[in-house]
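Try each task before you read its solution.

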Amino acid sequence: MKKISLRTRVLTGAVAAAALGAGTFGAMSANASAPAAASATTVKADTANRNLQQSTHLTVDAASKAAQAALDAAEKENQRVAVAVVDRNGNTILTLRGDGAGPQAYESAEKKAYTAVSWNAPTSELAKRLAQAPNLKDIPGTLFLAGGAPVQVKGAPVAGIGVAGAPSGDLDEKFAAAAVAALAK
């Protein structure tokens, strides 16, 4: 039997691994595109299972309704703002920049929404906590200025709404509260 060099063995192994990977990928792709057949072994989620957790999320329609309510409230007071709505995990659902809102408003609104949902409190209250814990402001993605409000279901945060661009945080927060109130209608 002829002795095969190390280089040849490595190349042969790499080709075999690539062929196996391509075959597996092709089978997975074909399987993913085929409709799933009902199976007797299908596992059904047991909501009583302590290992599972259900969560509530805003729909895009609800987020749009809330954001528009904030813009409408700001417009009534002749304010130019941006509004951001984030989900429970701080991921942006949507942002709206009102006509004439400043360039900083967009990012500030997102950060206020993220901060409000993260601590399940209006950002004006959280800004007051900085006196006892000034390092809170160092947490990435947060902004401890008034203008953010959590959206709660049974006391638990499910989303955050941030408004930025008015000349005061109190106005921003008033518009964010209008957005939260719109969801209750």
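A crossing of two helices is called right-handed if the near helix is turned clockwise from the far one by less than a right angle, and left-handed if it is turned anticlockwise. Keep in mind that this is a predicted model.

**Exercise 1. Get your bearings: how many helices and strands does the protein chain have, and what pattern do they follow?**

Solution. Start by counting: there are 5 helices and 4 strands in the protein chain. Next, walk along the sequence, and you'll read the pattern α-α-β-β-α-α-β-β-α. Then check the cover: 31% of the chain's 185 residues count as buried. Finally, take contacts between residues at least 6 apart in sequence; 61% of these join residues at least 24 apart.

**Exercise 2. Describe how helix α2 packs against helix α5.**

Solution. First, find the two helices: α2 covers residues 60-76 and α5 covers residues 169-183. Their axes are 8 Å apart, and the packing angle is about 140°. Only angles over 145 degrees count as roughly antiparallel, so α2 is oblique to α5. Now look at the handedness: the crossing of α2 and α5 is right-handed. On the α2 side, the contact is made by Ala62, Lys65, Ala66, Ala69, Ala70, Ala73 and Ala74. From α5 come Phe175, Ala178, Ala179, Ala182 and Leu183. Last, sort the residues of this contact by type: 11 are nonpolar, none is polar and 1 is charged.

**Exercise 3. Is phenylalanine 175 buried or exposed, and what does it touch?**

Solution. Begin with its place, which is in helix α5. The relative accessible area of phenylalanine 175 is 0%. Buried means under 20%, so phenylalanine 175 is buried. Leaving out residues up to four places away in sequence, its contacts are Ala70, Ala73, Ala74, Glu77, Gln79, Val81, Val163 and Ala166. Pick out glutamine 79: it's 96 residues away from phenylalanine 175 in sequence, yet their C-alpha atoms are 9.9 Å apart.

Definitions and conventions:
Residues are numbered from 1 along each chain as its sequence is written. This is a predicted model: local features need pLDDT of at least 70, side-chain atom pairs count only at pLDDT 80 or more; totals for chains, interfaces and linings use all residues. Side-chain values use heavy atoms; hydrogens and water are left out. Axes are lines fitted to C-alpha atoms, for helices over the stretch in contact, and angles run from 0 to 180 degrees between N-to-C directions. Angles under 35 degrees count as roughly parallel, over 145 as roughly antiparallel, 65 to 115 as roughly perpendicular and the rest as oblique. Contact means heavy atoms within 4.5 Å. Ala, Val, Leu, Ile, Met, Phe, Trp, Tyr, Cys and Pro count as nonpolar, Asp, Glu, Lys and Arg as charged, and the others, Gly among them, as polar. Buried means under 20% relative accessible area, exposed over 50%, partly exposed in between (1.4 Å probe, protein chains only).
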